[in-house]
Amino acid sequence: MTALELSRLQFAVVTVYHYLFVPLSISLSALTAGLQTMWWRTRDERYSRATMLAGKLLMATFAVGVVTGLVQEFQFGLSWSAFAQYYGDVFGPTLAIEGMLAFFLEATFLGLWWFGRDRLRPGLHLATIWVVAVGTLISAYVILAANAFMQHPVGATIDPATGRAVLGSFTALLTNPVVVASFPHTIAGAFMAGGALLMAIGLWRRRDDAAQGPTWRLLARVGAWTTLVGGAAVSLTGDLLGKVMTEVQPMKMAAAEALYETTSHAPFSLFAFQLPGWQEPWSLDVPWLLSFLATGDPTATVRGIDDLQRQYELQFGPGDYTPWIPVAYWTFRLMIGLGMVAAAVAAYVLWRTRRGREFTPAWFADRWLLRFLWTLPVLPTAAATFGWLFTETARQPWLVFGLFQTRDGVSPTLTPVELVASLAGFALVYGVLAVVWVRLVLHVSRLEPAPLHPSSGPQEKPEPVLEMSY
């Protein structure tokens, strides 16, 4: 493999691995804050114990996310120094803000929340976790703004002397229509991941811990509601993001459907495969759906890959501007399909546990759901991962659309041997971190959920004191 191919593989491994923990950190911080708010208002012991469990999961996930984020920033300088030089003036401020929020604001207040449980007043202690949740959202927004510039460059000009991008308007960077559309979509997907994790843990422990059954039941239903509402929000925001994507990156939408010819009343294929001897793949289509997803008008015309390729050759010069179509086609469907399955399972769990009902082994669906509980958090997490793979691969061959190609961003002095060695090192570190994180989550989940404030729990009856009497 060439240095370019190895650099792309390394970037994919590092980014995908880091992003496994980002949605969980975003959602668990907000869910912990929400559960603690409910305890603060009701003093219900179930919310206290659920808050503590979600907080422990957040602590473990946040720690691993910080480490993997540091590795990701390191590999930017290692493998993509030419791109960092070109993009540094734009990426620098956003990385600085994200670093200040992630490493100072979030870490500081998460520490205050953990160590201040019995040292801060309840209201002040609650405020610390809300600061963590808001800081996490701001951090996610600025990072998405930096990525949105790569999808739709705004707010910057190219210095003709140095060839570098110079940031002219930070406001334009933060109000890029791509980030305005992608932020709610990403956050909704993050809540699906966190909700599915709580739902799986609640259903798992509800079976064998009758003493804390109400807490596990609460956790399962909160997780299910979060996953279901997150799924509905993902659908609505995804529709908005698709229309913005069609406007600024029409090739990406054409690649998502493998639409080679410009078509009106364009259908959307649920899946497709090539039959022996057939020149075109057989597909199961939903009429007019692609036109609606792309423009909001089911009769509108959607531009095809061949038409866009001819336009880009005239606009940018000779070259291949077509992304890897099979990857774009299938990652788009896996993103949608896995998210829909997760939302459907959450709806089923809510229906089966309505009005105090419990899962019963006699139900065939319940038995299979309990047997494959471990897949619940995987579904939305995998959907989010496939979404990012689609976003980044369907933009190719551009790093910054229309301005800077991927082949020009690789570090010029890096050799394939160095890339293989660094990739092996990253894989080793990530493997160790994965084992540590899974063991921590299982350990926390197996423990009896402790109250958030031990002093607020049921008080033990004091032993009688032996006193002198006369």
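Visitor: Which residues lie nearest the centre of the second largest pocket?

Guide: Arg-8, Glu-392, Thr-393, Gln-396 and Thr-406 lie nearest its centre, and the second largest pocket has 35 lining residues. Before going on, remember that this is a predicted model, where local features need pLDDT of at least 70 and side-chain atom pairs count only at pLDDT 80 or more, while totals for chains, interfaces and linings use all residues. Residues are numbered from 1 along each chain as its sequence is written, and side-chain values use heavy atoms, with hydrogens and water left out.

Visitor: How should I read the word "pocket"?

Guide: Rolling a probe the size of a water molecule over the atoms shows where empty space is left. On a 1 Å grid over the protein atoms alone, a pocket is an open set of points where a 1.4 Å probe fits, with protein on both sides within 12 Å along at least five of seven lines; lining residues have an atom within 4 Å of a point. For the second largest pocket, the volume is about 850 Å³, counted as the space filled by probe spheres set on the points, which are joined across faces, edges and corners.

Visitor: Which element gives the largest share of the lining of the second largest pocket?

Guide: That is α1, with nine residues. Helix α1 covers residues 3-42, and at least two lining residues come from each of α1, α11 and α13. Helices here are DSSP runs of H or I with at least four residues, strands are runs of E with at least two, and both are numbered from the N terminus. The protein chain has 14 helices and eight strands.

Visitor: How do the residues of that lining divide?

Guide: In the second largest pocket there are 20 nonpolar, nine polar and six charged residues. Here Ala, Val, Leu, Ile, Met, Phe, Trp, Tyr, Cys and Pro count as nonpolar, Asp, Glu, Lys and Arg as charged, and the others, Gly among them, as polar.

Visitor: And what is the volume of the largest pocket?

Guide: About 1,100 Å³. Its lining holds 42 residues, and His-185, Val-234, Gly-238, Met-335 and Ile-336 lie nearest the centre. Helix α7 (residues 213-248) gives the most to this lining, with ten residues. Other elements that supply at least two residues each include α4 (122-151), α6 (177-208), β4 (268-273) and α11 (325-352). The lining of the largest pocket divides into 25 nonpolar, 14 polar and three charged residues.

Visitor: Let's look at single residues. Is Ser-7 buried or exposed?

Guide: Ser-7, in helix α1, is buried, with a relative accessible area of 0%. Buried means under 20% relative accessible area, exposed over 50% and partly exposed in between, using a 1.4 Å probe and protein chains only. Across the protein chain, buried residues make up 48% of the 470 residues.

Visitor: What is Ser-7 in contact with?

Guide: Leaving aside neighbours within four places in sequence, Ser-7 touches Ser-79, Trp-80, Val-410 and Leu-419, where contact means heavy atoms within 4.5 Å. For the protein chain, 78% of the contacts between residues at least 6 apart in sequence join residues at least 24 apart.

Visitor: Where is Thr-385 placed, and what is its relative accessible area?

Guide: Thr-385 sits in helix α13 (residues 375-393). Its relative accessible area is 11%, so Thr-385 is buried. With neighbours within four places in sequence set aside, Thr-385 is in contact with Val-16 and Leu-20.

Terms used:
Axes fitted to C-alpha atoms, helices over the stretch in contact; angles between N-to-C directions.
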